[in-house]
Every structure is written in structure tokens, then in C-alpha cells.
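Dear colleague,

My notes on its salt bridges and nonpolar cores follow.

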Amino acid sequence: KSSIFNNSIPFDEFSKLTEEELHLEENQFLELLSPNGEITLARYFEGSVYPLYQADKKPFDITYRNSGQAFAIESLMTCADNAPFVFIKSPAGTGKTFLTLACALEQVLELNTYRNIIYTRCNVRFDSEDLGALPGTEEEKMSPLVRPAMDNLEHLAEIHFGRTNKKSSIPFSRWADNDSAMRISEFGQYLIDKDVLRIESMSYMRGRSLDNTFLIIDEAQNCSISQIRGILTRPGVNTKIVLLGDPDQIDSRYLDKYNNGLCFVAERFRGSKLAMQVTLSEEECVRSAATKEAAERLK
């Protein structure tokens, strides 16, 4: 039910259907309901249905809370050779940025799958001219836009290092230097200082070729089609591109739910063997009841 096609098929009915009757597309996620009520999460690929391989691996010590999050983790942890593109659409509170950063950290710090993480996000007032007029470095100019990501990194540090007191010092993990401890609130800045995480502007993506990179584009619903087209042609060897966004929260006066970059590529990549897509619903919100209520009533 949490795939972009929203299918929930009882197992006994599913097993009797032919491939033509199922009308499944490549990388479509499925919930298979067995006669005893158990749900098996699976993915359709090249004529066969496979169980999820990655979702139960607890990237950076996190565990999914619903089917949609399991599908998201499966997409994010699948290697770039098999799925270089991942598109996740969901309302606020469903954990798309949190899950994406957790999977990125697991693959960069623990598995050495990628060299680093690049995080960027679209702001409708953030073009190259505005950026050039602001004082400071590129990182300083981007800082106000990436505070949600830094909050998520702080939360991930709390989970991964097993501490809940933000003022306490925590030990470095095996991939860090010889320093003995740091504060949880410093985790994001530590990643930046060590070049594990790069905060970059979308304005400077054109013309680049990115290798061994986990590239995250947040708030992609505010990107134009031309911006997204330019970014999706950037991947080099072993690079994964993840687009995140909520089509119901578009800030640009020139974009809507149909012509924004995120929805455009999601539709164009339907059925692609190289793209995995997940749409989470308001029911899969993992924040407070107030967040879920606001998301539903203010659509």
C-alpha cells in the first residue's frame, strides 16, 4: 500500500494471478497478506517477486516503523549499480529526511560504499544571484536552509551512540580519530569538518560529474523541471541520487503538484529498472498527533 501504486493484495489471490493480470511495474513494492494475517513485504522486479533484502539491516541503528519506511530503507540501501535513483514523496513527519540520512551514514561511515554525502535543498528564493550577494562561505550561506538536516543528524547521533542527554559527551565510533569524545550536538559539524558531509548549493551543480557520492536533494518539490533534469544527469561512477519532497508543500508561485521537478521525474521514471519510488501517507506519520492532524487538515 505504500508504493506509488498503492497495491494491497491478499496472498491467496496474488498467487493465482498471471503477470498480465497483476499489471505490475519494475521495482513496484508490495504487501502480501497471507491467509493467517501475516504481511510479507516484497518488490517486483523482472517478472519475479522478491522479499526485501535491506530493510531489516537497521542502518545506523534505526528500525522502520511501518511498511512505507521499510520500502524507503530498501530503496536507499540498494546499491547505486542497481538503483542509482530514489524518489520519496511524503508529508511532514513521515521520516523521509531522517531515514535518508541514516542510510547515507551507514553506507559512508560503516560500509564504505560511498566516499561522502552531499546534501542540498531547493529554496525558491535561492538562485545564484541571491547566493552571491550573501556574505560568508557557501556553507555559511546554506546554513539556514539545512537546519532540519542538522536536527536529524543530532537525533541519529543520540540513537547510534546510545545517549539521550544532549549535553553529555559521547565516544567516537571506530571510524573517527583519536579524540576521546564529542557532544551529540556537534555531530553534524564533525561530519562537515571531516568531509563526510558536504553542504552545497544547487546553483553550482551544473557541469559537475559526481563519483562515489550519496547525493540528497531535499524539498525537491520546489525544484523546476530544468533544475531536476540538470541534477539527474550529474551521477558518475557509483553515485546515488535521492530526491525528497512533499508535493502538498510547494512554495513557488510558478509550480504546482503536476509541473514541479519531483512529480515530473517520478512520473517519467515509472517502470524504470534503475529507479525506486516510495510514497508515504499521512497515516504513516511518526511525529506527534498534532503533526498528523496539521498535515491532513492543511493540505
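Glu-25 and Arg-270 form a salt bridge in this predicted model, with 3.5 Å between the closest N and O atoms. The pair joins distant parts of the chain, 245 residues apart. Glu-25 sits in the loop between helix H2 (19–22) and strand E2 (28–33), while Arg-270 belongs to the loop between helix H10 (261–268) and strand E12 (275–279). Glu-25 has a relative accessible area of 25% and is partly exposed; Arg-270 is also partly exposed, at 34%.

The count of salt bridges comes to 4. Among them is the pair Asp-195 and Arg-198, whose closest N and O atoms are 2.8 Å apart. Asp-195 is partly exposed at 36% relative accessibility, and Arg-198 is partly exposed at 26%. Another links the side chains of Asp-248 and Lys-257, at 3.3 Å from N to O.

Turning to the nonpolar residues, the largest core comprises 50 residues. Leu-105, Leu-156, Phe-187 and Leu-191 have the most contacts inside it. Helix H4 (residues 96–110) supplies the largest share of this core, 9 residues. Leaving aside residues up to four places away in sequence, Leu-105 touches Phe-60, Glu-110, Ile-117, Leu-153, Leu-156, Phe-187 and Leu-191. A further core of 19 residues lies apart from the largest one; its members include Met-205, Ile-217, Leu-262 and Ala-275.

Conventions:
Residues numbered from 1 in each chain as written. Predicted model: local features only at pLDDT ≥ 70, side-chain atom pairs only at ≥ 80, totals over all residues. Heavy atoms only, no water. Core = buried A, V, L, I, M, F, W, Y, C linked by side-chain atoms within 4.5 Å. Buried < 20%, exposed > 50% of the residue type's maximum accessible area, 1.4 Å probe, protein only. Helix = DSSP H or I, 4+ residues; strand = E, 2+ residues; numbered from the N terminus. Contact = heavy atoms within 4.5 Å.
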